[in-house]
Amino acid sequence: MSKVLIIGAGGVGNVVARKCASLPEVFSDIMLASRTLEKCEKIAREIGGDRVRTARVDADNVPELVSLINKFKPDLVINVALPYQDLTIMDACLETKTHYLDTANYEPRDVAKFEYSWQWAYQDRFKEAGITAVLGCGFDPGVTGVFTAYAAKHYFDEIHTLDIVDCNAGDHGKAFATNFNPEINIREITQNGRYWENGKWVETKPLEIHRPIKYPEIGKRESYLLYHEELESLVKNFPSLKRARFWMTFGEQYITYLNVLKDVGMTDIKPINFKGADIVPLEFLKAVLPEPSSLGEGYKGQTSIGCQIRGVKDGEERTYYVWNNCDHAEAYRDAKAQAVSYTTGVPAMIGAMMLLTGKWAGEGVFNVEEFDPDPFMEQLPKHGLPWNEKINEPLPVEETGE
Ligand code: NDP
């Protein structure tokens, strides 16, 4: 029986609220708070049964957060607002001695750069306060870290290469839209790529390296090497990794639109003066693009996200591929969400359950792969995210050559 405060009522917040509400034995009392109260109220109304209370909060404002936490007294805050709010919410959790969980690492607004250093710097303060912070508990980061920990625990003595492969083969019927917050998504894709090789980071130009990768039940899709935040924690927590890369699929139309938007300056994050007001072009672009939470209805097709790993067991080379496929239409039926919000919100709920039921415990700041993967893996199929595995078969990411 625990109280949970969910911050952020967008695509992911909607899924977290619905999934928590469906488990009263774990989440007995739920509050959904966000910048726009009406969005919280709409979700709470649809869930019904007075399961979810709502509040308005500006998560950039620590005193406001502290006052809300002190009033509601949650055991855990689930942060599914934006990465910009990570540190203010962590500050409020410290002040009120409340556990913390998020799905994306901190990014300063004025530099398109994400890294764990800012949040890892809270380690001693969280330890001293006797509370836990779980970082990056969506799908990627999140399940991909748990998959890697599961592989390392059960199938390998040492893991040597890791390729995280993320495919969205869905069609939302819009000319151009992003599946999670447009601002955060476009910042991620338009920055330089980066991967880990032989003890150092190798930098690439944005979307410079790409190849077709074959995804289960989907087939071959052009996949682009990106820098993704879980690579940073995974190479730290699995130092035997000689190479770690992250791949994501994009359709031709998406890339064309993105290139045009970039070329005309619409993805810039430096403010420009327009009719006497300073506006950030990317923030303006976000305002005219569809909201991720609006894409669910009629979205067809599947996502497929997994980890392809090579390493050794008992002196022998082996390969391991573990993945989940998620159907957009099924996600919509279950939680009124498209699969990208769904595959993020379900793991956030499961991470919260792990923490609140004591399956994951510890004082300080943790990435998900530092905990026992087994109870988390056990919960995934029970809440809509079944997973599959293949041992000692050729890795799809390697089939088209290095
Ligand atoms: P949305 O844009 O749909 O939702 C974000 C929500 O946060 C909105 O409700 C927004 O309010 C609210 N918000 C923004 N700023 C504030 C603030 N200052 N105070 C209070 N609330 C605020 O994004 P998503 O739901 O798609 O994404 C949510 C998070 O999940 C992001 O951090 C994203 O990076 C992460 N994510 C993680 C993934 C993973 O696999 N690990 C995958 C996908 C997303 P308003 O409605 O007023 O704008």
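User: How many bridges join strand S1 to strand S2?

Analyst: This is a predicted model, in which local features need pLDDT of at least 70, side-chain atom pairs count only at pLDDT 80 or more, and totals for chains, interfaces and linings use all residues. Residues are numbered from 1 along each chain as its sequence is written. Strands (E, at least two residues) and helices (H or I, at least four) are DSSP runs numbered from the N terminus, and two strands pair if DSSP finds at least two bridges between them. Here S1 (residues 2–7) and S2 (residues 27–34) run parallel and are joined by six bridges. Ser2 has Phe27 as its bridge partner in S2.

User: In what order do the seven strands of the open sheet stand?

Analyst: The order is S3-S2-S1-S4-S5-S6-S17, with parallel pairing. S3 (52–56) and S17 (364–367) are the edge strands, each pairing on one side only.

User: Which strands does helix H3 touch?

Analyst: Contact means C-beta atoms, placed from the backbone, within 7 Å. Helix H3 (residues 62–72) packs on the sheet and touches S1, S2, S3 and strand S4 (76–79). Axes are lines fitted to C-alpha atoms, for helices over the stretch in contact, and angles run from 0 to 180 degrees between N-to-C directions. The direction of H3 makes about 155 degrees with that of S1.

User: Into which domains is the chain divided?

Analyst: Domain bounds come from an automatic or database domain assignment. The chain has domain 1 (2–135) and domain 2 (143–336 + 385–398). Their contact takes 15 residues from domain 1 and 14 residues from domain 2. On the domain 1 side, H1 gives the most, with five residues.

Note on methods. Contact = placed C-beta atoms within 7 Å.
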